[in-house]
Amino acid sequence: MSSLIDHSNEKKLLHTLFACFGFGIMAWIPRFPELKANLQLENGAFGSLVSTGGIGAFLGLLTVGHILHKFGAYKVTISSILLLFLSLTFLVRVQSSFLFLLLSISFGFGITAVHVCLNSHSFHLLERSKLNLITSTAGYWSAGSLSTSILSGLLVGRVALSTHIAILSLVLAVIMISIVQKLKPLLIEPNQNSEEDYTIKDIFTSFEIDWPVSLGMACVVYLEFALGDWGTIFTKERLDVSGGLSTAPFIVFSATMIVGRLLIHRLLERAAIDIWVRRAALLAGIGFGGCIIVATHLPADMKWWSYSLFISAFAIAGLGSSFLAPTFMSAANRRSKLPSAVVVGQFGVTNTVLTFAVKWVVAWTIQFTGSIALAMMIPTAMMLAAVFFSNSLNEDRARQN
């Protein structure tokens, strides 16, 4: 069967998996108001409850790579997909906060498990074919994420939340599992060498932190998180525009990010990746920060000029940051001697801890100053600081070391 799937078809199947993955896990977010009403919770309690998915994500990042290495990608990927969509299906149905807590942790674990499985196979394909899909797969994930956000918004008030998620989960689970079945002969095999088995102790003792790459990743990825958390609120509160117009800047951000991720490979013929990372970080940092500073200092009667600058800021941020995070992830795998599945998990743990700390800094900056614009200068400065970590991406230098 493996002879029937060449690298080109394998690439297309992987892209489809990532698009389905993004389409599935982002579908419920535009419908959070319905979910909160279903649980009968206030904003603070609901936000705290939803954030518990991070517990499952942390546990998944710490363990799934080792589990995949021991039992093989096929069984772990199928199990992860089932766990992900079963958790999501029941998550939007329960009315008990305790059951929601358990399902949220399970859902967070499922997201991370699928993330590790799919990225591990991308690295596996890279090793066999020299095709680097880490950036393009991220682009397809973003395309799926953006598409489902638009669709979910259109379904609000027309289709019940539980019906929407149940049908979506069933369809996506069937599609993804059927694709994994086709890829089965090509997936990472279970480890047959008992001397290389990982114990619970090994999960912690083998943990490695590649500081140049980890810090670079934290610097480039947080702008995306910040705009996801505060972008719509920022636009609406600052300019007092309608709900539809306030979401437009983030949609533009997502669209330009997709374009950048899908087209970066064409630029690599002109210069090395570390050079493009430096240029892109400067573009995103200076372009976003500059537009926001000007927009927030324009007089009130120039509201629509400010809005245009907001759109421009988000577009530049999306284009400039588009391929940076996948590039640092590729570097982490290249620089480590551990299996790719383990690297994806450990790298994710480090990045999760670092970005969680920055999220708190930004949130409390907004709390104490009352200015989202001022707080947005933090991810802007981080993006510019990523330039200092770009040397870790130079493949020739990495091989010499």
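Visitor: Where is the place of S80?

Guide: Welcome! In this predicted model, S80 sits in helix α5, which covers residues 73-91.

Visitor: Why is S80 called buried?

Guide: The cut-off for buried is under 20% relative accessible area. S80 has a relative accessible area of 6%, so S80 is buried.

Visitor: Which residues is S80 in contact with, leaving aside its neighbours within four places in sequence?

Guide: They are G110, A113, V114 and C117. V114 lies in helix α6, and that helix takes in residues 97-129.

Visitor: What makes V114 count as buried?

Guide: Set its value beside the cut-off of under 20%. V114 has 2% relative accessibility, and therefore V114 counts as buried. Not counting residues up to four places away in sequence, V114 touches F21, S80, I81, L84 and M176.

Visitor: How do α5 and α6 cross?

Guide: Their axes come within 8 Å and cross at roughly 145°. The crossing in which α5 passes α6 is left-handed.

Visitor: Which residues of α5 meet residues in α6?

Guide: From α5, the list runs V76, T77, S80, I81, L83, L84, S87, L88, F90 and L91. From α6 come F100, L103, S104, S106, F107, F109, G110, I111, A113, V114 and C117. The residues of this contact divide into 15 nonpolar, six polar and no charged.

Visitor: Why do residues three or four places apart in an α-helix point the same way?

Guide: An α-helix has 3.6 residues a turn, so residues with that spacing point the same way.

Visitor: How do you know that V76 is buried?

Guide: V76 is another residue of helix α5. Its relative accessible area is 9%, which means that V76 falls under the 20% cut-off and is buried. The C-alpha atoms of V76 and V114 are separated by 8.6 Å, though the two residues are 38 residues apart along the chain. Apart from neighbours within four places in sequence, V76 is in contact with V64, I67, L68, F71 and C117.

Visitor: What makes T52 count as buried?

Guide: T52 is found in the loop between α3 (43-50) and α4 (53-71). Its relative accessibility is 12%, and buried means under 20%, so T52 counts as buried. With neighbours within four places in sequence left aside, T52 is in contact with L101, S104 and I105.

Visitor: Why is I167 called exposed?

Guide: I167 belongs to helix α8, residues 161-183. The word exposed calls for over 50%. I167 has a relative accessible area of 51%, so I167 is exposed. In sequence, I167 and T89 are 78 residues apart, while in space they are 8.9 Å apart, C-alpha to C-alpha.

Visitor: And V342, buried or exposed?

Guide: V342 has its place in helix α15, residues 340-369. With 2% relative accessibility against a cut-off of under 20%, V342 therefore counts as buried. Leaving out neighbours within four places in sequence, V342 is in contact with G65 and H66.

Visitor: Which residues touch the most other members of the largest nonpolar core?

Guide: W28 and F288 do, in a core of 105 residues. Helix α10, residues 211-239, supplies the largest share of this core, eleven residues. As for W28, its contacts beyond four places in sequence are L35, L88, L91, V92, F100, F107 and I165.

Visitor: Which residues in α13 are buried?

Guide: They are S306, Y307, F310, A313, F314, A315, A317, G318, G320 and S321.

How values were computed. Residues are numbered from 1 along each chain as its sequence is written. This is a predicted model: local features need pLDDT of at least 70, side-chain atom pairs count only at pLDDT 80 or more; totals for chains, interfaces and linings use all residues. Side-chain values use heavy atoms; hydrogens and water are left out. Buried means under 20% relative accessible area, exposed over 50%, partly exposed in between (1.4 Å probe, protein chains only). Helices (H or I, at least four residues) and strands (E, at least two) are DSSP runs, numbered from the N terminus. Contact means heavy atoms within 4.5 Å. A nonpolar core is a set of buried Ala, Val, Leu, Ile, Met, Phe, Trp, Tyr and Cys residues joined through side-chain atoms within 4.5 Å. Axes are lines fitted to C-alpha atoms, for helices over the stretch in contact, and angles run from 0 to 180 degrees between N-to-C directions. A crossing is left-handed if the near helix is turned anticlockwise from the far one by less than a right angle, and right-handed if clockwise. Ala, Val, Leu, Ile, Met, Phe, Trp, Tyr, Cys and Pro count as nonpolar, Asp, Glu, Lys and Arg as charged, and the others, Gly among them, as polar.
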